[in-house]
Amino acid sequence: MKKILFVTSEAHPLIKTGGLADVCGSLPKALAELSQDIRLIMPNYKALKTKGDVRFLCSLRIDNRDVNILETRMPDSDVIVWLVDCAEFFNYPGNPYTDEQGNAWPNNDERFALFCRVAVVCALDRINQDWKADIVHCNDWQTGLVPAILSLEDDRPATVFTIHNMAYQGLFPASHVASLNLPGQLWHLDGLEFNNMLSFIKGGLVYADRITTVSPTYALEIQTPEFGYGLEGLLTYRNDALVGIINGIDMDQWNPETDTYISKNFDIKTLAKKQINKADLQKKSALPENGQVPVVALISRLVEQKGIDMVIDCLPEMMTMPMQFVLLGAGDKDYEKRLQNLARLYPDKIALTLGYNEALAHTIEAGADIFLMPSRFEPCGLNQMYSQRYGTIPIVRKTGGLADTVIDAIPETIADGTATGVVFSEASAGTLIEAIKRAMLLYTNRDAWNKMQIDAMQKDFSWQRSAEQYLALYNSI
Ligand code: ADP
Ligand code: GLC
């Protein structure tokens, strides 16, 4: 049994901005089920939704600041969570990284540097809990300094750094290095320095014993200039230490048979009940109740990564087709405005909800027929897997985890029962609209469509296999 300290800046259902939280909420539970002694450490944000006891564990003084460590459990689980409590840095409302306007908090470097230092102290049991980690598993740039600082310790745990998204690197002006009080040995071009900036992610990429990312295809892509953002050379150099492990999904939270958010539960035997969820979705979205036309859906952060511009370009032509379009998302204000304009033009065909809404996300997965995910890049992506579980056929671009989890409906795959979606290659509105037309055509053959839904619903996206791969990786270090 390994003692694993799992370091993250978000974990569902405590706090979530995206898929990182889904993964960091469920992977530790899956590792605990494999009998590992795992603890999660994260900042004690104001918006944290803890459930049950939160008790004081200890206090420490770090960088002239008083920090408390609080202890709680993941809701509905035995996994222990250590909360790094420092009001000056974490007791902010809302999002962990930005203010309400979406501007990054100006002291994010100080906030996450402190978080990393505290994680190091806890990993080494300098808080006297009689629990010293064997493995420290870090996630994304917010935790990147942990492997770097630990690398300077003699008797240290092994370190794993998981890349969930190369587009977010935690870059800060070099002038901040001194005020962060980082060990001087780390500040050089083969260390934390990147283009004369301080790079948090490099802390993970340079110093971790193993690097993972969240799909095999993305592991290859990030070694190329298009996806590596200048770090492809380093990743190629560390190729032997780099592996892609596909994310799983929480099979309890995303289960159409038991989902309490949806109007009517269903499974492969009662797939016809999906129609009731469709009617419910149409009603909640103020769209005409019509069982004949497909409901095409999208749930996403509205950012360039997700190909939202391509969808906006396709929408006028989509509106000439017999379909309804439901979108739930928030993000880039320009995309939001353009989507609002289109929704105003087609009130009977487009339902737009701007904001974050967990319940509606489930209602949409249950009620929609087709799910759009035309991402320019996608390290793993979760909604294409949730969609398949709910018999909602995804249209995805062939990149990253989308390429690894959706099988294109071509005559061979339809015939052998492996087809689960529509996959297209080029990142352009023209190619996307062709894929949408292809899905619309498939939809008209109801028997074949039903068969594809059932094949999609039966795919195993559970965490167990991936958690076993992580465990094998821990054991190999
Ligand atoms: P990313 O992490 O890049 O945003 P993923 O597909 O890995 O992409 O995960 C996104 C997660 O966030 C999914 O669980 C999705 O349902 C959820 N999500 C995104 N936007 C919203 C929203 N507006 N309301 C509710 N859930 C959302
Ligand atoms: C990131 C990626 C997404 C991935 C998620 C969880 O947010 O954008 O593709 O699914 O992390 O690993």
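**Figure 1. Pro13 sits in the loop that runs between strand E1 (3-7) and helix H1.** Helices (H or I, at least four residues) and strands (E, at least two) are DSSP runs, numbered from the N terminus. The peptide bond from His12 to Pro13 is cis. Its omega is near 10°. The model is predicted, with local features needing pLDDT of at least 70 and side-chain atom pairs pLDDT 80 or more, while totals for chains, interfaces and linings use all residues. Residues are numbered from 1 along each chain, chains are lettered from A and ligands numbered from 1 as written, and side-chain values use heavy atoms, without hydrogens or water.

**Figure 2. Ser35 has a positive phi although it is not a glycine.** The angle is about 65°. Ser35 belongs to the loop between H1 and strand E2 (37-43).

**Figure 3. Ligand 1 is surrounded by 21 residues.** Each has a heavy atom within 4 Å of the ligand. The closest are Lys16, Gly19, Arg301, Lys306 and Gly355. Arg301 places a polar side-chain atom 2.6 Å from an oxygen atom of ligand 1. A polar backbone atom of Gly355 is 2.8 Å from a nitrogen atom of the ligand. At Asn357, a backbone N or O atom lies 3.0 Å from a nitrogen atom of ligand 1. Taken alone, ligand 1 exposes 560 Å² (Shrake-Rupley, 1.4 Å probe). The protein buries 93% of that area.

**Figure 4. Helices and strands both contribute to the shell around ligand 1.** Two or more residues each come from helix H1 (19-33), strand E13 (295-302), strand E14 (324-331) and helix H14 (383-389). E13 gives the largest share, three residues. By residue class, the shell divides into seven nonpolar, nine polar and five charged. Asp, Glu, Lys and Arg count as charged; Ala, Val, Leu, Ile, Met, Phe, Trp, Tyr, Cys and Pro as nonpolar; the others, Gly among them, as polar. Domain 1 (3-248 + 464-476) and domain 2 (271-457) both give residues to this shell, so ligand 1 lies between them.

**Figure 5. Ligand 2 has 13 residues around it.** His164, Asn247, Glu378, Cys380 and Gly381 are the closest. For Pro379 the distance is 3.5 Å. For Cys380 it is 3.0 Å. For Gly381 it is 2.8 Å. On its own, ligand 2 exposes 310 Å², of which the protein buries 94%. The shell holds six nonpolar residues, six polar and one charged. Ligand 2 lies between domain 1 and domain 2 because both give residues to its shell.

**Figure 6. Helix H3 covers residues 108-123.** At 1.5 Å a residue, its 16 residues should span 22 Å. The end C-alpha atoms are 22 Å apart, which agrees. H3 is mostly covered, with 15 of its 16 residues buried (under 20% relative accessible area). Just after the helix, Asp125 takes a positive phi of about 55°.

**Figure 7. Ala286 is found in the loop between helix H10 (274-284) and E13.** Phi of Ala286 is near 55°, a positive value in a residue other than glycine. Ala286 is exposed (over 50%), with a relative accessible area of 62%.

Terms used. Polar contact = N/O pair within 3.5 Å; in protein donor to acceptor, adjacent residues only side chain to side chain. Domains from an automatic or database assignment. Expected span 1.5 Å × (residues − 1). Buried < 20%, exposed > 50% of the residue type's maximum accessible area, 1.4 Å probe, protein only.
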